[in-house]
Structure formats: C-alpha cells, structure tokens
Amino acid sequence: MTIELFILISLVLLISAFIKGVSGFGTSLIAIPVLVAFFLEPAEARALIVSINLILNIYILVSARKLSYENTKPYLLLILSVFFAAILSGFLLSRLTTEIFNIMLGILLVLTALNQLFD
C-alpha cells in the first residue's frame, strides 16, 4: 500500500465519520461503497469498516463509563442477535459477487436516506 492510497482511504474514512457525526449515518453507508469503487475489494472494505466501528463504539462506551452489565442488560437480546447475524452474514457475503454486493449497498443507502428524509 502506497502512502497516497493510505491518505486517500483515510480521507474517505474521515469524511464518512464526519457525515455520521452530523446526520447519524454514514460510516458504513458512505465509506464502503466509495472504498470498494476506487480502492479496495469488498471483503477488505467490510473488514476495515467493521473493525473501526467496533473499536470506536467500545472506546465511546468505556470513556463514558457506561460499559457494564447493568447498562447493557436491556440491549442483551439485540447484542446477541447482531452477533449471530454478523456470523451468518459473514458466510453469506463471502459468496456474493461484487455487483450484487454493490447493488445491495446502494439499495440500503437509498432506503436509509429516505428513512432519514421522511422520519
């Protein structure tokens, strides 16, 4: 990986993180399609974004001192279902072609934008 590629990928991640901070969505919905379209393979982009989001979310919970069993108890069912869905999607997404994956991401982006627009 060259330094130019590293800077461009970092710039895409920074812009998508800023958009997520302003609008509430954007890290995965903006960064993954842009990274896949210009720089990385879908599997690499997914792994990068998921890893960054996981680390940031854990950091936010730890810094706010809200990472405890009592605070996560209401969300335990959601956390478990997301964990199993992530494993299942890992198996399914590895079998998808790039075109189908990009179409699915585009549809998800449009639906999320419409949801935010007509909240």
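**Exercise 1. Determine which residues line the second largest pocket, and which helices supply them.**

*Solution.* In this predicted model, local features need pLDDT of at least 70, side-chain atom pairs count only at pLDDT 80 or more, and totals for chains, interfaces and linings use all residues. Residues are numbered from 1 along each chain as its sequence is written, and side-chain values use heavy atoms, with hydrogens and water left out.

Step 1: On a 1 Å grid over the protein atoms alone, a pocket is an open set of points where a 1.4 Å probe fits, with protein on both sides within 12 Å along at least five of seven lines, and lining residues have an atom within 4 Å of a point.

Step 2: list the lining, which consists of Leu13, Ser16, Ala17, Lys20, Thr27, Ile52, Asn53, Leu56, Asn57 and Ile60.

Step 3: assign elements, where helices (H or I, at least four residues) and strands (E, at least two) are DSSP runs numbered from the N terminus. Helix H1 (3–23) and H3 each supply at least two lining residues, and the largest share, five residues, comes from H3.

Step 4: classify them, with Ala, Val, Leu, Ile, Met, Phe, Trp, Tyr, Cys and Pro as nonpolar, Asp, Glu, Lys and Arg as charged, and the others, Gly among them, as polar. The lining then divides into five nonpolar, four polar and one charged.

Step 5: give the volume, which is the space filled by probe spheres set on grid points joined across faces, edges and corners; for this pocket it is about 190 Å³.

**Exercise 2. Describe the volume and the lining of the largest pocket.**

*Solution.* Step 1: the space in the largest pocket amounts to about 1200 Å³.

Step 1: its lining has 28 residues, and Val50, Asn53, Val82, Phe83 and Ala86 lie nearest the centre.

Step 2: at least two lining residues come from each of helix H2 (27–38), helix H3 (42–63), helix H5 (76–93) and helix H6 (98–117), while H5 provides the largest share with eleven.

Step 3: by class, 22 of these residues are nonpolar, five polar and one charged.

**Exercise 3. Decide whether Thr112 and Phe38 are buried or exposed.**

*Solution.* Step 1: Thr112, in helix H6, has a relative accessible area of 18% and is therefore buried. A polar atom of its side chain lies 2.8 Å from the backbone oxygen of Leu108.

Step 1: Phe38, in helix H2, counts as exposed because its relative accessibility is 64%. Its C-alpha atom is separated by 9.4 Å from that of Ile9, 29 residues apart along the chain.

Notes: Buried < 20%, exposed > 50% of the residue type's maximum accessible area, 1.4 Å probe, protein only. Polar contact = N/O pair within 3.5 Å; in protein donor to acceptor, adjacent residues only side chain to side chain.
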